[in-house]
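This report covers one protein chain, from its overall make-up down to two residues.

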Amino acid sequence: MIEARATARYVRTSAQKAGLVLSLIRGKDVNQALATLKFTRKGIAADIAKVLRSAVANAQNKAGFSGDVDRLYVATCYADQGPSAKRVRPAPMGRAFRVLKRTAHLTVQVAERPEKIAAIAATPAAGSKRARGPRKS
C-alpha cells in the first residue's frame, strides 16, 4: 500500500482554525476532499487544498503506485502549532498589549485503498433443510 505525505510549514493561521477544516476531509477520498475544500468558506481551505494536491503528486511519483488516483484517500491530516510572532499593540494610558501572530504546520498524508477482491462463497443446495434454517411456528 502506497502512502505519501506533504507538509506546509509556517502557514499564517492558528492550528486550531486549521484543525477545524482538516477534520472535514479526514478519511475522505481525495476527489471528494478537494471538492469539500473548494466550497468551504474558510481562508485556510485554499492552503490545505494546495497541500493535499502536493501529497497526491508525491504518491504518484512513488515506486509501486498503481496509477489510479481514485483509490487515494486522506489517511491522516493534522495541524501542529508553529512559532508565534510577538507584536505590541498600543493600549490606553501609555500601556501596551501583546499580540500573538500564530503560525501552523499543516500535514496531509494520503494512502491507497486496497483493491476489493470479492470472495466467492459456496452456497448450500436449495432443497436441503440446512439452507432454510430453523422453522418458527
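The sections below take the chain as a whole and then two of its residues.

## Basis

This is a predicted model, in which local features need pLDDT of at least 70 and side-chain atom pairs count only at pLDDT 80 or more, while totals for chains, interfaces and linings use all residues. Residues are numbered from 1 along each chain as its sequence is written, and side-chain values use heavy atoms, with hydrogens and water left out.

## The chain

Four helices and five strands make up the secondary structure, in the order β-α-α-α-β-β-β-β-α along the sequence. Helices (H or I, at least four residues) and strands (E, at least two) are DSSP runs, numbered from the N terminus.

Of the 137 residues, 32% count as buried (under 20% relative accessible area; exposed is over 50%, partly exposed in between; 1.4 Å probe, protein chains only). Among contacts (heavy atoms within 4.5 Å) with a separation of 6 or more, 71% join residues 24 or more positions apart.

## Gln109

Gln109 lies in strand S5, residues 104-112, and is buried, at a relative accessible area of 13%. Beyond its neighbours within four places in sequence, Gln109 touches Glu3, Ala4, Arg5, Tyr73, Val74, Ala75 and Thr76.

With Glu3 there is a side-chain to side-chain polar contact of 2.9 Å. Such a contact is a pair of N or O atoms within 3.5 Å; within protein, one must be able to donate a hydrogen and the other to accept it, and residues adjacent in sequence count only if both atoms are side-chain atoms.

## Asn58

Asn58 belongs to helix H3, residues 45-60, and is partly exposed, at 32% relative accessible area. Leaving aside neighbours within four places in sequence, Asn58 contacts Ala4, Arg5 and Ala6. Ala6 is 52 residues from Asn58 in sequence, with 7.5 Å between their C-alpha atoms.
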